[in-house]
There are 2 protein chains.
Amino acid sequence: MLAGNGVSFVKRIVVLGSTGSIGRQTLDIVRAFPDEFEVVGLAAGNNIELFLEQVKEFSPKHVCCINPPSGAFSGVEYTKMEDMVALDNVDQVMVALMGSVGLAPTLNALKAGKSVALSNKEPIVMAGGLIKEYESLYGGEVLPVDSEPSAIWQCLRGEDNEILRLLITASGGPFRTTPISEMDAVTPERALQHPTWKMGKKITIDSATLMNKAFEVIETHWLFSVPWDRIEVVVHPQSTIHSMVEFADGSVKAQMGPPDMRLPIQYALFYPKRLPNAMIPRLDTKKSHALTFDPLEPARYPCFDIALSAAQKGGTYPAVLSAADEVAVQAFLDSKIGFTDIAKVIDRVLSEHDSMPGATVDEFIEADRWATGRTAELTNGHRT
Amino acid sequence: MLAGNGVSFVKRIVVLGSTGSIGRQTLDIVRAFPDEFEVVGLAAGNNIELFLEQVKEFSPKHVCCINPPSGAFSGVEYTKMEDMVALDNVDQVMVALMGSVGLAPTLNALKAGKSVALSNKEPIVMAGGLIKEYESLYGGEVLPVDSEPSAIWQCLRGEDNEILRLLITASGGPFRTTPISEMDAVTPERALQHPTWKMGKKITIDSATLMNKAFEVIETHWLFSVPWDRIEVVVHPQSTIHSMVEFADGSVKAQMGPPDMRLPIQYALFYPKRLPNAMIPRLDTKKSHALTFDPLEPARYPCFDIALSAAQKGGTYPAVLSAADEVAVQAFLDSKIGFTDIAKVIDRVLSEHDSMPGATVDEFIEADRWATGRTAELTNGHRT
């Protein structure tokens, strides 16, 4: 009963956000298993140089990017993301975009009955209920890619969902032990130095504020249908245990490994198979080490409570949360506002919002648009 | 998808070794779920007082003990263990005996197609291949009860057995940090003070020598059909992670919880269901704590290598190992030999043994008898 192998068909995939951190690592997996995948489509943003290289290497039939250089894609179809994900010859879509732009292609892929590997948290944060509704209406499925929800997914494998608690681990980010009084003065450079994970800028700042952890709580609430009060965050600075599930009998299962996103990406791409991949680092059991656990300090991470409160209110509040965070984090990166202003701005935008029911895509997009504009006003050139 | 409950039939069980540590805790679980179990038979050794109480409380139809007081069991059938486990109205047998005496009833239960919850390690250590053969010939099944094999069993649940390594955790026992030069002078009193687990005397000494951990390696080798070189022991003094499995893709799953045997006992009794039980302590996530991991120091634990070498030689060597250990540990508890003599005596008895193929019960029993006698001679009144 040892490691098996041999996937019997080629998986035809679309990668949205192929030049970002998760997109590039997704293509690393494709590169490691050339016989297992056909890349049907690639979509990216502004990193045209890398995108052209990827198109050359993987020869997708369909491409999409912002401001395509004229003549660059001869012999390749330029296809909108929403259409690319729904093509008949697509088996799985990796949504590794940044922000609310991931919502429409996610919903369209589900509507076409596709398997969606969702790395991009914002769609499920802003419209988790709608995504689950599409999943059950149209037969598509959402698979987690992020390491914490993937850990929970792996721990639940083969279990009868007798869940007592989900225990999501948080590294605590770069300011876990910084005196709270010094948080005002935090610079983007310092906030971008995550202790354990190498990620994109937006998600790295979200990790420093713990907004990212709140997003994971929201994501797991929707993905695994677990009530809010059964999801707990535990600070675990080593990022070795990626998350845990406590079952009805008190037994706890944890999923562990060195912090490397290629493992959860590969798990989502090959599920339910586990294939050996030499590029994925292994847990070192030959050296002494310690794993530590601490309760969360709410005062250090005001974004966390703000986010969970918005998520629990429901309606279009989560969409406003997600959009306000996106703009506020960019404003912090652009040195328009301070680190502690991120929470204050988001809180203010949420307090000004009149929620809509949040039952349609249009309502979420309208809330996203309003919050984007309002947060931009509040952060434009002055501190709140 | 929350905690379910409601088992639909009464499980009819036999508990062998009901007055020992695991037997008593098994009856704790029966007591906690009175509607789920019928106790068909109980068997015990010399603790007659407690046994009489248990017989009164659980009203088994069949009993077995050493030196039964005359007239004590009126209205109850006195039945040999080998027969009790094979009765038509028995669904599951808990084998929680000490030493080689567990082999015959384990094999008989399997021959009758029963589910055997095996807490008693010696039968599978001495005759693992034969037990697996009986399992496949007669359709019975062996379920682990010990916390480490149970952890591995739980981690493998729902997985396709793409196993890279089993990582069995060891507390390291009470002498993990004792200078090796002082190990000669260790007293039974000190060796009986296990840092994390409350267990019977024999297994507590086996934990101090790490013989118990070698037995678990042997047990998991047989239970999960994993080659010797894929089973590794990691020293983890907190006994919170009960064991781990590393899968082909590098993902590691761990099963955790406070050290309490009632959880793995209950898991074996109710598998695949997980039922809430207030008596089982829960992992405390509200306080800071650390889990540490260290490589094994072979020089500190000579029994470990001796045991694995015997197990890998096969034949009747493992039966000799188990019997020699049983006698040597008792000799240490009786202050006939010193702590470090345990390994020396076992090594010597193994070196004197002429192995038989180990294909029949009789061969194992003969090897067990020879090793018991020879170890008694060597430990009788003088240090080796």
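Guide: Contact here means heavy atoms within 4.5 Å. The model is predicted.

Visitor: How many residues does the contact take from chain B and from chain A?
Guide: With that cut-off of 4.5 Å between heavy atoms, residues of both chains can be counted. The contact takes 59 residues from chain A and 58 residues from chain B.

Visitor: What percentage of the area buried between chain B and chain A do carbon and sulfur atoms give?
Guide: The area buried between the two chains is about 5,100 Å². Of this area, the share given by carbon and sulfur atoms is 53%.

Visitor: Which residue of chain B forms a salt bridge with A:R157?
Guide: Across the interface of chain B and chain A, the rule finds 14 salt bridges. A salt bridge requires a side-chain nitrogen of Lys or Arg within 4 Å of a carboxyl oxygen of Asp or Glu. For A:R157 the closest N and O atoms are 3.6 Å apart, and the partner is B:D160.

Visitor: Which are the edge strands of the open sheet in chain A?
Guide: The open sheet of chain A has 7 strands in the order 4-3-2-1-5-6-7, with parallel pairing. An edge strand pairs on one side only, which holds for strand 4 (77-78) and strand 7 (141-144) of chain A.

Visitor: Which helix of chain A packs on the sheet?
Guide: The helix touches strand 1, strand 2, strand 5, strand 6 and strand 7 of chain A. Its direction makes about 155° with that of strand 5 of chain A. This is helix 10, residues 262-270 of chain A.

Visitor: Which residue is the bridge partner of A:Q92 in strand 6 of chain A?
Guide: Strand 5 and strand 6 of chain A pair in the parallel sense over 4 bridges. Both faces of strand 6 are covered, with A:V116 and A:L118 buried on one side and A:S115 and A:A117 buried on the other. Of these residues, the bridge partner of A:Q92 is A:S115.

Visitor: Does strand 8 of chain B run parallel or antiparallel to strand 10 of chain B?
Guide: Strand 8 (residues 163-170) of chain B is mostly covered, with 8 of its 8 residues buried. Strand 8 pairs with strand 9 of chain B in the parallel sense, and there B:I168 has B:V233 as its bridge partner. On strand 10 of chain B, B:V245 stands opposite B:L166. The 5 bridges to strand 10 join strands that run antiparallel.

Visitor: Just after helix 8 of chain A, which residue takes a positive phi?
Guide: Helix 8 (residues 201-209) of chain A has 7 of its 9 residues buried, among them A:I205 and A:A208. The buried residues pack against several helices of chain A, including helix 5, helix 9 and helix 13. Just after helix 8, a phi of about 70° is taken by A:L210.

How values were computed:
Residues numbered from 1 in each chain as written. Chains lettered and ligands numbered in written order. Predicted model: local features only at pLDDT ≥ 70, side-chain atom pairs only at ≥ 80, totals over all residues. Heavy atoms only, no water. Buried < 20%, exposed > 50% of the residue type's maximum accessible area, 1.4 Å probe, protein only. Helix = DSSP H or I, 4+ residues; strand = E, 2+ residues; numbered from the N terminus. Pairing = 2+ DSSP bridges. Axes fitted to C-alpha atoms, helices over the stretch in contact; angles between N-to-C directions. Buried area = accessible area lost by both parts, 1.4 Å probe.
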